[in-house]
Amino acid sequence: MSAGPLPDIHAIEDLYAENHLWLQKWLRSKLGCVHHAADLAQDTFVRILGKSEPVNIREPRSYLATIANGLVYDFRRRQLLEQRYLEALQQLPEPLQPSPETRALQLEALNALDALLDQLPPAVRRAFLLSQLSGWTHARIAAELGISVATVKRHIVRGLTQCCLLQ
C-alpha cells in the first residue's frame, strides 16, 4: 500500500539551503526571539517534508512565508492560551495549585483541545464554547447567534464529537 508520491528530497534540500537563513531572519523579525524563530523555521520545512503530494514552488520565499505565518499564528495562540491558563492558576490558593508536572500535562491537553476546536467552523465552535464554558442555555445561544435551538444542539454535539478525538 503506497502513501502517495514522495516529495522530491533534492528539491527540498535545495529549498532549505537557499532559504533557511532568510526564513529564520524573517521569523526572528516577527517573533523577536532567535530560538523561537529557529524552531518555527525547522517546523516550516518539516511541514513541507510531510506533504504527500510533490510540491512545485514558483515563489519559494512567498511559499515559505505562507506556511511560517500559519505556524506563527498557532504559536501565538498557544502562548496566549498558556498565559491565560497560568493567570487562572495564580488565582487559586497555594494548596490547590497543581504540580509543575500536572501543569505541563494540563497545558498539553489544553493545546490539543484548542487545536481540535480550531478545526470547527466558527459558529459551531462559538455555540459549543458558550454552552460548555459560559453555561448558557440552548435558547440563549440560539438568540445570541441568530440560529435555531435545533441548530445549537447540532453544533454542541459536533463540538463534543470533536473533543472525543482527543482521547
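## Exercises on salt bridges and surface

In this predicted model, the side chains of arginine 77 and aspartate 114 meet in a salt bridge, 2.6 Å from N to O. A salt bridge is a side-chain nitrogen of Lys or Arg within 4 Å of a carboxyl oxygen of Asp or Glu. Residues are numbered from 1 along each chain as its sequence is written. Local features need pLDDT of at least 70, side-chain atom pairs count only at pLDDT 80 or more, totals for chains, interfaces and linings use all residues, and side-chain values use heavy atoms, with hydrogens and water left out.

**Exercise 1.** Find which parts the pair arginine 77 and aspartate 114 ties together.

*Solution.*
- Step 1: locate both residues. Arginine 77 lies in helix 3 and aspartate 114 in helix 4 (residues 100-118), so the pair ties together parts 37 residues apart in sequence. Helices (H or I, at least four residues) are DSSP runs, numbered from the N terminus.
- Step 2: check the cover. Buried means under 20% relative accessible area, exposed over 50%, partly exposed in between (1.4 Å probe, protein chains only). Arginine 77 is buried at 19%. Aspartate 114 is partly exposed at 21%.

**Exercise 2.** Name the network that contains Arg77.

*Solution.*
- Step 1: take another bridge. The side chains of arginine 77 and aspartate 118 meet in a salt bridge, 3.1 Å from N to O. Arginine 77 is in helix 3 and aspartate 118 in helix 4, so this pair ties together parts 41 residues apart in sequence.
- Step 2: take arginine 126 and glutamate 144. Their salt bridge has its closest N and O atoms 3.1 Å apart. Arginine 126 lies in helix 5 (residues 122-132) and glutamate 144 in helix 6 (residues 138-145), so the pair ties together parts 18 residues apart in sequence.
- Step 3: join bridges that share partners. Asp74, Arg77, Asp114 and Asp118 form one network.

**Exercise 3.** Say which residues gather in a patch of negative charge on the surface.

*Solution.*
- Step 1: apply the rule. Patches are made of residues with over 30% relative accessible area and no salt bridge, like charges being joined within 9 Å. Asp and Glu count as negative.
- Step 2: list the members. They are Asp8, Glu13, Asp14 and Glu18.
- Step 3: look at one of them. Aspartate 14 lies in helix 1 (residues 9-31). Aspartate 14 counts as partly exposed, at 46% relative accessibility.

Conventions. Patches are made of residues with over 30% relative accessible area and no salt bridge: like charges are joined within 9 Å, nonpolar side chains (Val, Leu, Ile, Met, Phe, Trp, Tyr) within 5 Å. Accessible areas come from the Shrake-Rupley method with a 1.4 Å probe; for residues, only the protein chains shown count as cover. The place of a charge is taken as NZ of Lys, CZ of Arg, CG of Asp or CD of Glu. Helices (H or I, at least four residues) and strands (E, at least two) are DSSP runs, numbered from the N terminus.
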